[in-house]
There are 2 protein chains.
Amino acid sequence: MSNTSSNNLLVVGSVAIDWIITPAAERQESVGGSATYFSMAAGGLAPVQLVGVVGEDFPREAVRDLEDRGVDVDGLETIAGGLTFRWKGRYHENMNDRDTLETQLNCFEHFSPKLPEKYKQTDHLFLANIQPSLQLEVLAQMGRRPMVVGLDTMNLWIDIARDDLLNVLKQVDILMINEEEARQLSGEDNLFDAARSVRALGPSTLIIKRGEYGAMLFGPNEDDIFSVPALPIAQVADPTGAGDCFAGGFMGYIAKQGSGLTTVNLRNAMLWGSVMASFCVEGFSYDQLRGIEESAVAGRFERLVRMCEIPR
Amino acid sequence: MSNTSSNNLLVVGSVAIDWIITPAAERQESVGGSATYFSMAAGGLAPVQLVGVVGEDFPREAVRDLEDRGVDVDGLETIAGGLTFRWKGRYHENMNDRDTLETQLNCFEHFSPKLPEKYKQTDHLFLANIQPSLQLEVLAQMGRRPMVVGLDTMNLWIDIARDDLLNVLKQVDILMINEEEARQLSGEDNLFDAARSVRALGPSTLIIKRGEYGAMLFGPNEDDIFSVPALPIAQVADPTGAGDCFAGGFMGYIAKQGSGLTTVNLRNAMLWGSVMASFCVEGFSYDQLRGIEESAVAGRFERLVRMCEIPR
């Protein structure tokens with residue numbers, strides 16, 4: 001449980017500037033991206049190392065925010081004269097569905113992750129949602145097989161980069177996707193069958209992200225199913241990044257423990273994922289995670305535990 | 001915990017013959033109705049009394065099935081020369097959405113619940129989903145205010161019989177509805193706000209049924225939120241009646257305890273609801289509940305508990 005090097009957690013993914021429109025409000029220049037959200041969520045739990053790319057337009061304060069959360073940003077490349085990946089989206093009234101209004105890949109188009117030497121022995125790796133070919137590049141650069149590898153992906157890659165994705169999956173312990181993606185990847189309607197099928201592809205553990213319904217874990221043992229609810233939120237400001245923050249809380253806890261994917265670790269990690277996601281959606285960008293007090297996080301964890309407790 | 005009269009559980013609702021079409025199979029003459037499903041689920045837990053109406057076409061075996069589950073059917077009226085309420089529906093590929101193809105009210109059109117004398121002192125009452133004016137009639141016939149009154153309703157009544165429904169709600173402890181209905185009734189998008197608003201209408205407790213996502217409890221205390229997952233089912237045969245079986249398991253456990261709506265009772269009742277719903281959807285009609293072994297039910301309850309357990 002001590003912060004030895006074996007608690008390190010490396011994340012590779014997107015770093016972005018979003019333009020978010022919700023029914024209630026709007027924010028241009030909202031710092032986002034899967035690796036950013038992941039890092040801000042995991043930062044309080046374990047020493048995070050971030051690999052990503054930004055342009056010169058990426059705000060310096062955002063880099064400081066990451067550093068303040070204990071994130072090592074030596075792997076965050078800045079392209080001289082380049083622009084950061086930008087995404088513009090509008091949420092529907094229900095705050096779940098959203099339309100992409102615009103995507104500018106910018107410097108992300110030619111992103112080729114380069115791991116600093118010191119990251120190559122890291123024991124916990126999270127491959128956030130980027131092209132499977134880039135995820136393969138990261139795995140190839142690692143000095144040894146990390147103890148725990150987690151993976152996020154999306155419908156697009158299942159669709160157009162399936163072979164690469166299947167190659168990544170062979171080297172992964174945990175896959176975190178949503179129900180739709182699980183069905184698409186496995187060809188199975190039933191989540192049980194989907195979990196069995198995903199397990200046959202490589203990952204021992206499947207996590208199904210269910211948004212406001214929480215998340216479900218299908219662990220290494222056939223019978224090891226666990227369900228965590230989402231904390232009810234008085235006012236959802238912006239759901240962007242909730243899944244990444246879930247992954248950050250989850251992997252952050254696993255790295256903090258440093259003892260792999262035991263049942264105890266997996267279940268508590270699900271709670272930490274849910275807790276970090278709950279903060280995320282209460283504000284735009286990672287506003288609610290910046291400068292967050294450890295006591296606030298612990299308090300919410302206890303609230304979630306109470307929400308799940310079954311008195312006998 | 002003994003089966004004294006204070007454990008009795010009265011349900012008033014529909015008794016029906018359904019024609020169910022799923023993507024995989026079809027059953028005509030599938031015995032259904034909210035009170036039937038409720039009774040078959042609650043029967044193993046508490047002595048159930050059923051008030052409903054059927055025609056001469058209602059199968060005798062179904063009445064025996066109810067009696068075999070310990071259900072008192074003295075309140076089940078048979079209309080001479082009448083036909084039973086019939087519903088025909090088709091489920092979509094996802095097994096959640098469904099279209100009503102046909103509804104024949106038949107003897108249900110002029111249903112006026114008549115409580116046998118011996119039911120009027122019953123301590124636990126569930127008003128299954130029927131017209132609010134009939135639910136009011138039932139409440140008026142009770143000899144005294146039952147210790148616990150539960151209520152189900154639907155979008156139609158919220159829409160066209162709101163005043164009657166509001167009158168019923170004033171006399172109710174627990175409201176069980178789905179998310180859409182909670183929003184429609186309360187005018188609140190957020191479930192927190194919906195729960196607060198529902199509480200102001202009468203019920204101390206709100207249960208949001210979420211189908212394959214389980215159910216959520218907003219208890220008498222503002223902070224008392226509990227979430228129960230649905231048990232993952234290898235093969236959903238027919239979702240019809242799942243909500244009614246949830247209500248049956250829930251109210252059956254509350255009646256069995258006979259000690260009202262304590263936090264311990266409410267949370268365990270949520271689990272029993274989830275367990276009974278899981279059996280329901282595995283077969284057509286109440287097939288899986290007929291002749292069910294107590295050990296099978298207990299085994300699934302333990303499985304659900306394990307699914308929720310947070311090892312520390």
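Two strands pair if DSSP finds at least two bridges between them. In this predicted model, β8(A) and strand β9 (residues 148-152) of chain A pair in the parallel sense, with four bridges. The bridge partner of A:Leu125 in β9(A) is A:Val149. Between the two strands, the chain passes through helix α3 (residues 132-141) of chain A. This β-α-β crossover, from β8(A) to β9(A), is right-handed.

Strand β8 (residues 124-127) of chain A also pairs with strand β1 (residues 9-12) of chain A. That pairing is parallel and again spans four bridges. Here A:Phe126 of β8(A) is the bridge partner of A:Val11.

The side chains of β8(A) were considered next. Both faces of the strand are covered. A:His124 and A:Phe126 lie on one side, and both are buried. A:Leu125 and A:Leu127 lie on the other, and these are buried as well.

The contact between the chains takes 22 residues from chain A and 22 residues from chain B. On the side of chain B that touches chain A, four elements are listed as giving two or more residues: α7 (191-201), β13 (225-228), α9 (263-280) and α10 (294-308) of chain B. Of these, α9(B) gives the most, with five residues. By class, this side of chain B has 15 nonpolar residues.

Key. Residues are numbered from 1 along each chain as its sequence is written. Chains are lettered from A and ligands numbered from 1 in the order in which they are written. This is a predicted model: local features need pLDDT of at least 70, side-chain atom pairs count only at pLDDT 80 or more; totals for chains, interfaces and linings use all residues. Two residues are in contact if their C-beta atoms, placed from the backbone, lie within 7 Å. Ala, Val, Leu, Ile, Met, Phe, Trp, Tyr, Cys and Pro count as nonpolar, Asp, Glu, Lys and Arg as charged, and the others, Gly among them, as polar. A residue is buried if 20 or more other C-beta atoms lie within 10 Å of its own, exposed if 12 or fewer, and partly exposed in between; C-beta atoms are placed from the backbone. A crossover is right-handed if, with the strands pointing away from the viewer, the path from the first strand over the helix to the second runs clockwise.
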